[in-house]
Amino acid sequence: MTKIVFFEMTPVERDFVKKSALRRLRPVFLEEKPQEADAGVLKQAEIASVFIYSTLRAETLRRMPRLEMIATRSTGFDHIDLAVCRKRKITISNVPSYGENSVAEHTFALILALSRKVHQAYFRTIRGDFSFEGLEGFDLNGKTIGIIGTGHIGLHAARIARGFGMRVIAYDVRPSAFMAETLGFEYVPFERLLSSSDIISLHAPFNPQTRHMINKDNICKIKRGALLINTARGGLVETEALALALDRGILSGAGLDVLEGEELIKEERQILSKEFSMERLKTLLQNHILLNRENVVITPHIAFNSHEAFQRIIGTTVANIEAFLAGHPENQV
Ligand code: NAD
């Protein structure tokens, strides 16, 4: 029987696997990472499922002589020594996407909170104040949303926006004419997106090219009164520019699930892990919350955090292992 070892397992993940077809193979569930695990377990392991704190470097892999497959419960795989795995013909599978609709839906949670002042209304009603002065919102129907980055999440956001009757424009360094035609949106140059969008929504990755893509030099190009929504990475927006744009009324509001300074987060599930320092996130949030503006809605990097997204991570991992056992590996990296 193939020896499958799941490292860094949470009780919820363990229960999921126990209900899957893999239970017949009696997998071993460990809370530890491989680098801390018992030598005997490592020696036996033929399939190892890990999360990103399991650093499968040459030294640890040497202690796993029978290893044939690694199923990482993450999108990223830089915790695994690819060169050693290639040499030893160890198959690696990842979870390429799990939260595109979850993040896109949260994007609209932020948009609707701002467009209908849900957060302001909530604070009033819990104080027993049912007045509606100052709570006039605006319709999404007929408005223009500018989506920056039309990958998995951006395209899903475009789909939802079309459902609201919005005009969708987009900017991407690698545009897809096919998707634009299929979903009914138009690619425009970056600055035109800034000047034509009622709502700007960021869905590009964080890298040296995208760092501060919204900055002090280009905020003046933004259509007056637009909303800025960021569920991608905080570093895409220069915080000082954001504050300036809000002060000057260039932006009428911002919805932020991510804040500048939290770029160390590689994998969203990291936030739920006990290894992750919540203190850092708390400090960031406190700093930014000091802005204390009624027209800013901040959530603590939870766009990915839905029950279904979590189930998809472990579900894809189980499917990856089953596919490998059936002789046709999937989601190989
Ligand atoms: P993806 O790789 O599928 O899509 C990214 C898109 O951005 C691609 O189409 C790419 O061509 C485009 N792009 C790259 N550089 C660009 C640039 N300079 N200008 C414009 N577009 C550019 O990624 P995804 O799965 O859609 O995720 C998008 C972002 O969302 C990532 O940064 C990811 O980290 C973030 N994310 C956040 C959460 C959360 O919980 N808040 C969860 C998952 C992902």
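Modeller: Let's settle one term: a polar contact here is a pair of N or O atoms within 3.5 Å. Bear in mind that this is a predicted model, where local features need pLDDT of at least 70, side-chain atom pairs count only at pLDDT 80 or more, and totals for chains, interfaces and linings use all residues. Residues are numbered from 1 along each chain as its sequence is written, and side-chain values use heavy atoms, with hydrogens and water left out.

On to the contacts. R233 brings a side-chain N or O atom to 3.2 Å from an oxygen atom of the ligand. D257 also uses its side chain, with an N or O atom 3.0 Å from a ligand nitrogen. With T231 it's a backbone N or O atom, placed 2.9 Å from a nitrogen atom of the ligand. On its own the ligand has 860 Å² of accessible area, and the protein covers 81% of that (Shrake-Rupley method, 1.4 Å probe).

Stepping back a bit, 23 residues surround the ligand, counting any with a heavy atom within 4 Å of it. T231 and D257 are among the closest, along with H152, I153 and D172. By class, that shell splits into 10 nonpolar, 8 polar and 5 charged residues; Asp, Glu, Lys and Arg count as charged, Ala, Val, Leu, Ile, Met, Phe, Trp, Tyr, Cys and Pro as nonpolar, and the others, Gly among them, as polar.

As for the setting, the chain has 333 residues, and 49% of them are buried, meaning under 20% relative accessible area with a 1.4 Å probe, protein chains only.

Conventions: A polar contact is a pair of N or O atoms within 3.5 Å; within protein, one must be able to donate a hydrogen and the other to accept it, and residues adjacent in sequence count only if both atoms are side-chain atoms. Buried means under 20% relative accessible area, exposed over 50%, partly exposed in between (1.4 Å probe, protein chains only).
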